[in-house]
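Subject: Structure for your review

Dear colleague,

Please find below the structure that I am handing over to you. My notes on it follow, and I would be grateful if you read them alongside the model.

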Amino acid sequence: MVKREDYVDLVFRDVKVDEHNAPRFYLDGEEVNIWDEPYIYYHSRSPADYVREHIVHCEEKGVDPFPSVIGKHREKELVKTALMSGSAILFKGFKGYGKTTFSKAIAQLLPSKLLTIKGCKINDDPTHPICFSCKRKLTEEDKVELTWVPRVWVRIPGDPMMTTRQLIGGISIQKIREGYDLDHPEVFIPGRALKANRGVGYFDELGAIPSQLQTLLHELIEEGQVTTTEGEIVPLKVDSLVIAATNPANYRGTNPIKEPLLDRMEVIEIGPPETLEEEVEIGVKNMFIVREKGENPYIPPWHARVLARIVRIARDKDRYDIARRITSEPSCRATIKLFDHVRSSALRDGRRAPLLKDYGPSYDHVKLALLGRMEVSYEVKDRKEEMIERLVEEALNISLRELYNAIPQENFDEFLKALKASAISNYRIPISLDFVEKLKAEKAIREVVCKLLPEASENDEYFLSAVEMVLEALSRCTNLIKREGESYLFKDLGVGGVEAGVQTMRG
Ligand SMILES: [Zn+2]
């Protein structure tokens, strides 16, 4: 019979085994030598070791260790350096710019599974456990069962109401003295920070963790110990990669991060995507139907660019007056939802590819994605919807001006003639799938549209959508045609009017 005091000693003892003094290990009922292939790689190493090894391997091969993070080249370099130096990382940036995605990408550098002692609440290493009951198993038993755990990524959400129990857990030496078993929940229940052992602990909104808990966290990470509520200092050499995130200071009531904690982290700023192309890629990859259903996004690039631009204009305070009135800018989540809503509108109408009408009457579908995701300054509070309409107009104008300017000069007249030839009564071109065949039959239309927007050739819906964009460009940049309902109408400009109309507008 082991005395209680021996268990208390065990709690404070560093228990480590090697191939010479280890008990017999069993995996799925069979005895295994964990110092042999194929097990040797999956224990006795810290997450920092795995990550450094993986990064070096990627550097040698010249591949990106974070393929799931789009763009962010400079940030990736900083993350690699910080990880190689064994540093914790604090991502600083507004919500929706991929801080969580980045932390998951870092976890991908860990092996997909690890060997652990079966039943352990904190994925203990079979050679160097930190929890009391695993220490007991290794020292007292001659057969110890092991199991695999998938790679560990634990999100620890910052919450001002968070308790010690939630963050660190319940640890009581007193209960052992009183005769409780080492496995008893009153003796040891790990909190989230301990569950991240041997993996990534992702502290989302670190600043929102109450400051006295930040002190405990610092003790745990830096000293590998915790102070129990009874005042006893218990060693818990948790080994995890600490990745934290915070919004920039003073943003929506976020508390500052305590100095000692901040002092042991490398701060890396995570901003919006640098280019329109990256914004589009993030948007498409994260659309509901793509991510959840694995379906084709069916969002033609010309619409993706307009929609992503709406969001980017809202952020661009250097260039746009309207952006200066936006106090909280829309993130990539706004872009993603914009893609989703426009695509959903098309789907509800029995189409796959969106048309301009899918932006909604008065751009309602754009508003649905943006209204809750941006805040405007007090004096324009009651004009938020109108501001969104202006953002859409601005994005359309820029995109369609680009499109118009790309129409090859030498094909322009022929293109117009072909459009007129395909039009039905009153020089009307309906934006309808029934009409695609007729438009496609005109060589000049086919050539110009597919030259401007190559994806138009993929299918009839894309072709119609592309034609609509070109016609809309003509209607915005010339006074040759105008939109009326679901059609474009040639204006009657009289003799020589077409040339005059083009010349006045074409830059
Ligand atoms: Zn354990």
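Which residues does Ile310 touch, not counting residues up to four places away in sequence? The residues are Leu338, Val366, Leu391, Val392 and Ala395, where a contact requires C-beta atoms, placed from the backbone, within 7 Å.

Two conventions apply throughout. This is a predicted model, in which local features need pLDDT of at least 70 and side-chain atom pairs count only at pLDDT 80 or more, while totals for chains, interfaces and linings use all residues. Residues are numbered from 1 along each chain as its sequence is written.

Overall form

The protein contains 22 helices and 18 strands; these are DSSP runs (helices H or I of at least four residues, strands E of at least two), numbered from the N terminus. Its C-alpha atoms fill a box of roughly 110 × 55 × 40 Å along the principal axes. The radius of gyration is 31 Å, whereas a compact globule of 507 residues would have one near 23 Å; the value is taken over C-alpha atoms, and the globule rule is 2.2 Å times the number of residues to the power 0.38. Of the contacts with a separation of 6 or more, 72% are between residues 24 or more positions apart. Buried residues make up 37% of the 507 (buried: 20 or more other C-beta atoms within 10 Å of the residue's own; exposed: 12 or fewer; partly exposed: in between; C-beta atoms placed from the backbone).

The nonpolar core

In soluble globular proteins, nonpolar side chains tend to be buried together. Here the largest nonpolar core has 132 residues, and Ile310, Val449, Ala466 and Val470 have the most contacts inside it. Such a core is a set of buried Ala, Val, Leu, Ile, Met, Phe, Trp, Tyr and Cys residues joined through C-beta atoms within 7 Å. Helix H21 (residues 460-477) gives the most to this core, with 10 residues. H21 is mostly covered, as 14 of its 18 residues are buried. Its end C-alpha atoms are 26 Å apart, which agrees with the 26 Å that its 18 residues should span at 1.5 Å a residue (the expected span is 1.5 Å times one less than the number of residues).

An open sheet of five strands has the order S6-S9-S12-S3-S13, with parallel pairing; two strands pair if DSSP finds at least two bridges between them. Strands S6 (153-157) and S13 (265-269) each have a single partner strand, so one side of each is left without a neighbour in the sheet. Neighbouring strands are turned by 20 degrees against each other on average, direction ignored. Within this sheet, S3 (residues 88-92) and S12 (residues 241-246) are joined by four bridges, and Leu90 has Ala244 in S12 as its bridge partner.

Helix H3 lies across S3 and S13, running at about 170 degrees to S13 (axes are lines fitted to C-alpha atoms, for helices over the stretch in contact, with angles from 0 to 180 degrees between N-to-C directions). His73 belongs to H3 (residues 73-84). His73 is exposed, with 9 other C-beta atoms within 10 Å.

An open sheet of four strands has the order S2-S1-S5-S4, with mixed pairing. Its edge strands are S2 (30-32) and S4 (113-117). S4 and S5 (residues 143-150) pair in the antiparallel sense over five bridges, and Lys113 stands opposite Pro150 in S5.

Yours sincerely

Key:
Two residues are in contact if their C-beta atoms, placed from the backbone, lie within 7 Å.
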